[in-house]
Amino acid sequence: VEYMESIKEDIKWLGFDWDRVLNASDYFDKMYECAVKLIKDGKAYVCDLTADEIRATRGSFEVPGTESPYRNRPIEESLTLFEKMNTGEIEEGKMVLRAKIDMASPNMHFRDPIIYRVVKHPHHRTGETWKAYPMYDFAHGQSDFFEGVTHSLCTLEFVPHRPLYDLFVDWVKNEQDLDDNRPRQYEFNKLNLNYTLMSKRNLLILVKEGLVNGWDDPR
């Protein structure tokens, strides 16, 4: 909530306003429906591997990844487990929903990426409604499509993510009319100031460890 309100304050300070505030959580129900459809279409499966095991089986740029032993799990079983992920019957880190793409792809992001994971911490907008939450790569393109966004701007580290963004948009559009209202991701180079911390992660450390007086410390 603090991040959201700070961003809104900064945008107003810059002299801009908006017609309405849009949140990814506005579409959690639609995204969940999309995920269920992907399972039914054989494009996603529930995987029991741990985070370390998934990382180890992903391979490298020189070595193809290894398929999860749960990759060909029966569709009905994945549907049941995915529902349990969302009802809170599955503990955090025990299961994830992965997209079934290509474990030998030269793009590491295509090696059966995680698209849903279990988080039991209450959401600041939806409370206890959801326990299974979409990962950024899955939520980004779908939210843009639902909102009718035409151009999505990202920093350069998202260049290798763009094919995945496009694929997920294609999937939610059922691979029909792909050029109709199809959002496009463009990347730009982020400018930083020398001897200045610009990253939220670094700033958060300064605030939490009391090295500055808070988020409004002019330093």
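**Strand pairing.** I started with strand 2 (residues 96-99) and strand 3 (residues 114-118) of this predicted model. They pair in the antiparallel sense, over 3 bridges. I picked out Leu97 and found its bridge partner in strand 3, Tyr116.

Next I followed strand 3 to strand 4 (residues 132-134). These two also run antiparallel, joined by 3 bridges. Here I noted Val118, whose bridge partner in strand 4 is Ala132.

**Second largest pocket.** I looked up its volume and got about 360 Å³. I counted 18 lining residues. Which of them lie nearest the centre? I listed Arg58, Pro113, Ile114, Met135 and Asp137.

I then checked which helices contribute. Helix 3 (51-57) and helix 5 (136-147) each supply at least two lining residues. Helix 3 gives the most, with 3 residues. By class, I recorded 10 nonpolar, 4 polar and 4 charged residues in this lining.

**Cavity search.** How many cavities of 30 Å³ or more does the whole structure hold? My search found 1. I noted about 40 Å³ of space in the largest cavity.

I wrote down its lining: Tyr136, Asp137, His140, Cys154, Phe158, His161, Leu164, Tyr165 and Gln185.

Helix 5 and helix 6 (162-172) each supply at least two residues of the cavity lining. Helix 5 has the largest share, 3 residues. I sorted this lining into 5 nonpolar, 3 polar and 1 charged residues.

Key. Residues are numbered from 1 along each chain as its sequence is written. This is a predicted model: local features need pLDDT of at least 70, side-chain atom pairs count only at pLDDT 80 or more; totals for chains, interfaces and linings use all residues. Side-chain values use heavy atoms; hydrogens and water are left out. On a 1 Å grid over the protein atoms alone, a cavity is a set of points where a 1.4 Å probe fits but cannot get out, and a pocket is an open set with protein on both sides within 12 Å along at least five of seven lines; lining residues have an atom within 4 Å of a point. Grid points are joined across faces, edges and corners, and a volume is the space filled by probe spheres set on the points. Helices (H or I, at least four residues) and strands (E, at least two) are DSSP runs, numbered from the N terminus. Ala, Val, Leu, Ile, Met, Phe, Trp, Tyr, Cys and Pro count as nonpolar, Asp, Glu, Lys and Arg as charged, and the others, Gly among them, as polar. Two strands pair if DSSP finds at least two bridges between them.
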